[in-house]
Amino acid sequence: MRRMFVAGNWKMNTLARSAVELAGALARAVPARLPKVDVAVCPPFPYLSAVGGTIARSGVELGAQNAWHEKPGAFTGEVAVEMLVDLGCRWVILGHSERRLIFGESDELVSRKTEAALAGGLDVILCVGETFEQRQAGRTEAVLDSQMQGSLAGIDSRAVGKVVIAYEPVWAIGTGVTATTEQAQSAHLYLRTWLSRCYNPDVAAATRILYGGSVKPQNAQLLLEQPDVDGALVGGASLKAEDFLPIVRAAEAVRKG
Ligand code: PGA
């Protein structure tokens with residue numbers, strides 16, 4: 001059985017005080033590891049330390065939104081995997097569509113980051129997803145296929161056990177438009193079948209595939225009930241405890257099979 005996983009991607013939001021307040025509200029509501037759901041927050045780099053201190057000894061885990069794949073050295077403005085580990089991060093989000101589209105990150109760069117993160121001891125939330133134009137052109141599966149091939153190049157079936165996939169259709173991110181349950185389930189099933197074909201059926205059965213893109217308290221339950229949806233990567237609705245916690249509760253309440 002795959003444990004559900006709800007992760008908050010705070011993106012470039014919060015300030016020191018609001019980050020700690022939000023983290024504190026989540027830590028109070030999730031004081032210990034929940035029986036069925038893993039919970040993580042991914043604040044901006046400058047607040048990782050303070051948020052990490054606030055959620056210590058709670059059931060909320062710490063993640064970063066990005067990392068650089070080289071060892072510490074002359075890479076102005078970048079953050080190394082070992083720095084994130086040093087700060088208590090368990091997770092790192094890689095390949096987010098904002099990194100791919102705004103900052104031009106290629107599948108090849110994402111694969112190097114994934115390799116470095118896994119080698120350095122982080123678990124990876126690897127994001128894939130098609131744009132509106134790609135979906136309209138009937139290319140969703142081809143896009144997912146090439147993003148998975150490219151981003152996981154060089155990751156063997158043992159290492160991939162530390163990877164969670166996040167299916168995030170670009171047209172659903174921050175737009176208020178959510179994928180229908182059928183669209184989400186169909187993409188998730190495609191990704192699981194891909195894992196079975198390119199790794200093996202055990203990897204496919206064990207790997208968690210999160211949905212991301214305008215997940216809200218109102219739509220979380222139906223999405224999370226889909227057989228191949230194992231949790232949510234939440235952007236906007238992760239910035240308020242009163243929006244994020246109901247999504248965690250929805251994940252706890254889901255019954256499958
Ligand atoms: P959203 O963002 O929930 O605000 O759509 C999701 C994401 O980008 O991970």
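Lys 11 sits in the loop between β1 (4-9) and α1 (16-29); helices (H or I, at least four residues) and strands (E, at least two) are DSSP runs, numbered from the N terminus. The model is predicted: local features need pLDDT of at least 70, side-chain atom pairs count only at pLDDT 80 or more, and totals for chains, interfaces and linings use all residues. Residues are numbered from 1 along each chain as its sequence is written, and side-chain values use heavy atoms, with hydrogens and water left out.

**Ligand surroundings**

Lys 11 has a phi near 50°, a positive value in a residue other than glycine. Most residues other than glycine have a negative phi. Ser 214, in the loop between β7 and α10 (217-224), also has a positive phi, of about 60°, although it is not a glycine. Ser 214 is buried, with a relative accessible area of 7%; buried means under 20% relative accessible area, exposed over 50%, and partly exposed in between (1.4 Å probe, protein chains only).

The ligand is surrounded by 13 residues, and the closest are Lys 11, His 96, Glu 168, Gly 174 and Ser 214.

| Residue | Polar atom of the residue | Ligand atom | Distance |
|---|---|---|---|
| His 96 | side chain | oxygen | 2.6 Å |
| Ser 214 | backbone | oxygen | 2.7 Å |
| Gly 235 | backbone | oxygen | 2.8 Å |

**Ser 238**

Gly 235 also takes part in a contact within the protein: the side chain of Ser 238 reaches the backbone oxygen of Gly 235 at 2.6 Å. The side chain of Ser 238 reaches the backbone oxygen of Val 234 as well, at 3.2 Å. Ser 238 lies in the loop between β8 (231-234) and α11 (241-253) and counts as buried because its relative accessibility is 1%. Not counting residues up to four places away in sequence, Ser 238 touches Gly 8, Asn 9, Trp 10, Leu 22 and Phe 244, where contact means heavy atoms within 4.5 Å.

Helix α5 (residues 107-119) has 13 residues, which at 1.5 Å a residue should span 18 Å; its end C-alpha atoms are 18 Å apart, in agreement. The expected span of a helix is 1.5 Å times one less than its number of residues. The buried residues of α5 are Leu 109, Val 110, Ser 111, Lys 113, Thr 114, Ala 116, Ala 117 and Leu 118. Their cover includes α3 (81-86), β4 (91-94), α4 (97-102), β5 (123-128), α7 (140-151) and β6 (163-167). After α5 comes Gly 121, with a positive phi near 100°.

Helix α7 has 12 residues and reaches 16 Å from its first C-alpha to its last, close to the 16 Å expected at 1.5 Å a residue. Thr 140, Val 143, Leu 144, Gln 147, Met 148, Gly 150 and Ser 151 are buried in α7. The buried residues of α7 pack against α4, α5, β5, α6 (132-136), β6 and α8 (181-198). An α-helix has 3.6 residues a turn, so residues three or four places apart point the same way.

Ser 151 belongs to α7 and, at 0% relative accessibility, counts as buried. The side chain of Ser 151 reaches the backbone oxygen of Gln 147 at 2.7 Å, and a polar contact of 3.1 Å joins the side chains of Ser 151 and Arg 100. Leaving aside neighbours within four places in sequence, Ser 151 is in contact with Arg 100, Asp 107, Val 110, Ser 111, Thr 114 and Leu 126.

**Aromatic rings**

The structure holds 4 aromatic pairs. Rings of Phe, Tyr and Trp (its six-membered ring) pair if their centres lie within 6.5 Å; planes under 30 degrees apart count as stacked, over 60 as edge-to-face and the rest as tilted. The rings of Tyr 167 and Tyr 211 have centres 6.3 Å apart and planes at 55°, so this pair is tilted. The pair links distant parts of the chain, with Tyr 167 in strand β6 and Tyr 211 in strand β7 (residues 209-212), 44 residues apart. Tyr 167 counts as buried at 0% relative accessibility, and Tyr 211 counts as buried at 1%.

Key. A polar contact is a pair of N or O atoms within 3.5 Å; within protein, one must be able to donate a hydrogen and the other to accept it, and residues adjacent in sequence count only if both atoms are side-chain atoms. A residue is near a molecule or strand if one of its heavy atoms lies within 4 Å of it.
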